[in-house]
Amino acid sequence: MSDTLVVETKRLSRHFGRIKAVDGVDLGVRAGETYGLLGPNGSGKTTLIRLLVGLLKPTAGEARVLGRVMPNKEVLSVVGYMTQAEALYLDLTVWENLVFFGRIYGGASHSRLRELLELVELGQRADSVVATLSGGMRRRLSLACALVHNPVLLLLDEPTVGIDPQLRVTFWQHFYKLNEQGVTIIVSSHVMDEAEHCHRLGLMRDGRLLAEGSAEELRQGSGTSTLEEAFLAYIRGSGELG
Amino acid sequence: MSWVRIGALARRIITQLRRDRRTLVLIFLIPIIVLSLVGYLVELEPTDITIGVVNEDVATVSVADHIIAALEDSGDFELAVLSREEVEEWLTEGRIQAALIFPYDFTQRLATGYEASVSLRLEGSDPQVVGYIRGSMAAIIPEALAGLAGMMGGFIDIQTTFVYGGPRFGTLDYLAPAFIVIFPFFFVFLLTSVSFLRERAQGTMERLLASPLSRAESVLGYMLGFALFALVESLVILLFTVYVLQIDYAGNILILVLIVVIMALGAVNLGIFMSTFARNEFQAVQFMPLVIFPQALLGGMFWAVGTLPWFLRWLSYAMPVTYANFAVRNVMIKGASILDWDVGSNLLILVGFAGVFIFLSSLTLRREVG
């Protein structure tokens with residue numbers, strides 16, 4: 001982990017009409033870090049991630065990824081992005097999906113794609129049409145598709161929502177492994193126990209970043225023993241619940 | 001069986017559909033638009049037909065003059081007085097749809113009890129116009145003759161010749177070239193709308209937007225993929241019409257391929273543009289008749305644009321299919337080359353349409369990044 005900032009936002013805001021989905025967020029994510037965005041549904045996590053990947057333009061402020069102001073197409077060749085939706089072509093086979101996204105990112109070698117397939121344990125299903133796969137298999141393929149181009153930054157929007165505990169463990173093992181290889185990861189979740197996996201956390205609520213730090217720091221800073229309590233304490237501290 | 005459950009289902013569907021305003025409007029509007037158009041068009045007789053008249057009859061009291069006056073009185077067409085030398089040029093340029101040529105001995109032969117002949121030279125590329133002119137002539141000429149005293153025994157033979165086509169050139173020969181370009185156009189349009197919609201619904205659009213893929217690349221990729229099928233489809237229609245329907249074409253297949261490619265480019269972009277107005281595949285299917293029916297009816301496929309009344313003609317001129325039909329008929333029926341104004345100008349207009357659709361689709365693709 002170094003002090004180089006892979007992601008940096010300044011007073012980043014995005015409004016939809018009168019709704020301030022993201023409201024003046026200052027975020028800094030260091031190279032090699034696993035950064036968790038924690039907050040309830042509707043707290044602005046998805047909007048923040050979509051701003052970082054350039055799918056939305058900020059209403060105010062700016063987002064920089066690898067030093068470039070987003071949206072920027074060039075940066076995207078080293079950024080991996082995975083959403084809750086599977087985002088796969090259901091009528092193509094597992095292998096065809098991988099090859100397609102590989103080519104979109106400039107062509108990944110077949111050995112690399114093979115390796116990915118083994119990594120997500122879909123080696124036996126390479127020639128299966130995606131529509132015939134189970135939900136868990138699709139999620140694994142979706143992750144593989146987000147990795148075809150060896151991204152240096154991985155943006156994961158609630159990657160473990162709705163998957164069984166076993167797959168969740170597997171996913172986190174993958175994320176650890178990637179992180180060890182030097183990949184910076186930003187992962188959003190509304191499940192507090194996932195936070196323990198992250199180096200640092202950002203607590204989000206109503207589009208704002210309430211607090212930042214490691215799970216331990218957040219607990220200590222609020223004088224609580226669990227993250228849930230810490231979260232509630234920070235919300236009280238921000239005056240939200242009086 | 002529970003009526004409560006059945007009722008619940010029916011009510012849910014009614015509520016969902018009521019909320020889907022666009023589909024609702026389309027459900028009621030499209031049949032009315034299409035039916036009023038069809039109803040109007042089937043009643044329609046060709047208008048604006050001009051007939052060239054060459055009168056070489058030397059008689060002082062000329063039967064030819066009498067027939068020409070009868071033609072004029074009928075109000076079925078405009079007349080233009082020409083010399084024999086001008087006929088071919090006026091016909092090929094489309095300034096007249098037919099020419100009627102009376103020989104020098106026309107009156108003399110009739111007066112002496114012989115059969116007189118008059119030549120009817122038809123431009124011939126539109127069977128509807130041909131049928132109309134021939135029908136009118138067959139009715140007006142004998143009637144005019146019958147009204148003349150002292151000509152009771154005379155008989156007029158109308159000798160019909162064609163510049164393009166021929167007596168056996170039927171409606172099918174006229175329609176077939178249009179089908180070659182129009183089917184691929186509609187097919188590509190439809191599939192692009194549905195594919196784009198699916199990309200959005202299944203989330204792959206989001207993944208692609210978060211990749212280095214540019215707008216131009218996605219449009220070109222889509223176009224290449226579909227153009228292949230569009231060309232194969234054209235080829236199948238072409239071969240079917242040549243070998244099964246036994247239609248003779250005069251034209252150059254390469255120009256046809258070019259027209260299909262330009263149309264496919266336009267269709268892909270129109271599809272991308274229209275897909276943004278549809279929130280679901282249901283609505284996309286509803287857009288199909290909105291884009292397809294008016295163009296099929298007014299694009300000169302069945303009813304030649306020149307024979308439509310002015311207000312429908314303006315609509316026709318706003319549709320790409322019209323120009324594709326102009327171009328493809330000139331190529332396939334008349335054997336025109338790409339350098340001919342009738343082909344080249346229409347191709348340029350088609351390129352223009354494709355440009356407009358590319359602009360519209362790029363606007364909608366830009367909107368994806370909100």
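Which residue in β9(A) is the bridge partner of A:L38? The points below reach that pairing after some remarks on the model as a whole.

1. This is a predicted model, in which local features need pLDDT of at least 70 and side-chain atom pairs count only at pLDDT 80 or more, while totals for chains, interfaces and linings use all residues. Residues are numbered from 1 along each chain as its sequence is written, and chains are lettered from A and ligands numbered from 1 in the order in which they are written.

2. Chain A contains 7 helices and 10 strands, where helices (H or I, at least four residues) and strands (E, at least two) are DSSP runs numbered from the N terminus. Its C-alpha atoms fill a box of roughly 55 × 35 × 35 Å, taken along the principal axes. A compact globule of 242 residues would have a radius of gyration near 18 Å, and chain A agrees with this, having 18 Å; the radius is taken over C-alpha atoms, and the globule rule is 2.2 Å times the number of residues to the power 0.38.

3. Of the 242 residues in chain A, 45% are buried, a residue being buried if 20 or more other C-beta atoms, placed from the backbone, lie within 10 Å of its own.

4. Leaving aside neighbours within four places in sequence, A:A144 is in contact with A:L98, A:L116, A:L117, A:L119 and A:V120, where contact requires C-beta atoms, placed from the backbone, to lie within 7 Å.

5. To answer the opening question, the partner of A:L38 in β9(A) is A:L203.

6. Strand β9(A) is also joined by 5 bridges to strand β10 (residues 208-213) of chain A, and these two run antiparallel, with A:M204 opposite A:L209 in β10(A). Their hairpin has 2 residues between the strands, and there A:D206 takes a positive phi near 50 degrees.

7. The contact between the chains takes 20 residues from chain A and 14 residues from chain B.

Technical notes. Contact = placed C-beta atoms within 7 Å. Buried ≥ 20, exposed ≤ 12 C-beta atoms within 10 Å, placed from the backbone. Pairing = 2+ DSSP bridges.
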